[in-house]
Amino acid sequence: MATQLDLQEQEQLDALKAFWKQQGSLITWTVVLVLGALAAWNGWQYWQGSQASRAADMFEQLDKAAGAGNAELAGRIFDELRSRYPRTAWAEQGALTVSQVELARGRSDAARAALGWLGEHAVEPEMRTVARLRLAAVQADAGQYAEVLKTLDGADAPTFAALVEDRRGDALLALGRKDAARTAYQAAYQAMDERQLYRRLVEAKLMALGAAPAASGAAPAVAATGSAATGAGPAGSSAPTASAGSGARP
């Protein structure tokens, strides 16, 4: 009986050896690839966490410099932050912070550079749109209305669609393109929640252009008794500071 079992075990061992000879390399490489992928993923996670931590430390230094009004130091830290950690939220927040302190110092060119970078490189469309809305405000203050229109072309986050159209209408009106401005204001009016107080301002702009605000989904209508105002200029062009949900500009 022992001999018979030994023969069976030998046959099984021989079969296993034959199988391993045929498939061993494939199995080994499969295991190596799986373990390598797992190690790479863990390494990537660690690297991401390390990057975020270092970026957060740099932003803290930037924020302190900005709070102290040291625009030069804040700008240098931001340049390094966006160079080393451009895909982090800290770099994006750094751009907004630097733009604010630069504007406070009257250095609009530096503010435009920071906002322009953010408008191009932010990961989320909402952040890109906020940056472009703020940049458009700076450009409007400088009378660069054609540049405003170019900047707003890339502001595509649905959350801020109404504010984008309102700012577009201001620029178009400043360029003397009243029909296009009316269309933009109508789009802004229709996109805003009727409970938003800011909607009343857009309504006033439309009435100044001799247009009755159109209800959502309705075609724009020209007021029967209104006449196009020739002296209307762009509404306030100060840098936006609030979110769309509040009814004020971001």
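Arg112 is buried, with a relative accessibility of 18%. In this predicted model, Arg112 forms a salt bridge with Asp109, and the closest N and O atoms are 2.5 Å apart.

Asp109 and Arg112 both belong to helix α4, where they are three residues apart, so about one helical turn separates them.

Asp153 and Arg168 form another salt bridge, with 3.4 Å between the closest N and O atoms. This pair links distant parts of the chain: Asp153 lies in the loop between α6 (145-152) and α7 (161-174), while Arg168 lies in helix α7, 15 residues apart.

Asp153 is exposed, with a relative accessibility of 58%. Arg168 is buried, and its relative accessible area is 18%.

## A bridge to helix α2

Arg107 pairs with Glu72 in a salt bridge whose closest N and O atoms are 3.4 Å apart. Arg107 sits in the loop between α3 (89-104) and α4 (108-121), and Glu72 sits in helix α2 (residues 71-84), so their pairing ties together parts that are 35 residues apart in sequence.

Arg107 is partly exposed, at 32% relative accessible area. Glu72 is also partly exposed, at 34% relative accessibility.

## Network and total

Arg107 and Glu72 belong to a network of salt bridges that also links Glu102 and Arg105. For the structure, the count comes to 16 salt bridges, including the pairs Asp109 with Arg112, Asp153 with Arg168 and Arg107 with Glu72.

Terms used: Residues are numbered from 1 along each chain as its sequence is written. This is a predicted model: local features need pLDDT of at least 70, side-chain atom pairs count only at pLDDT 80 or more; totals for chains, interfaces and linings use all residues. Side-chain values use heavy atoms; hydrogens and water are left out. A salt bridge is a side-chain nitrogen of Lys or Arg within 4 Å of a carboxyl oxygen of Asp or Glu. Helices (H or I, at least four residues) and strands (E, at least two) are DSSP runs, numbered from the N terminus. Buried means under 20% relative accessible area, exposed over 50%, partly exposed in between (1.4 Å probe, protein chains only).
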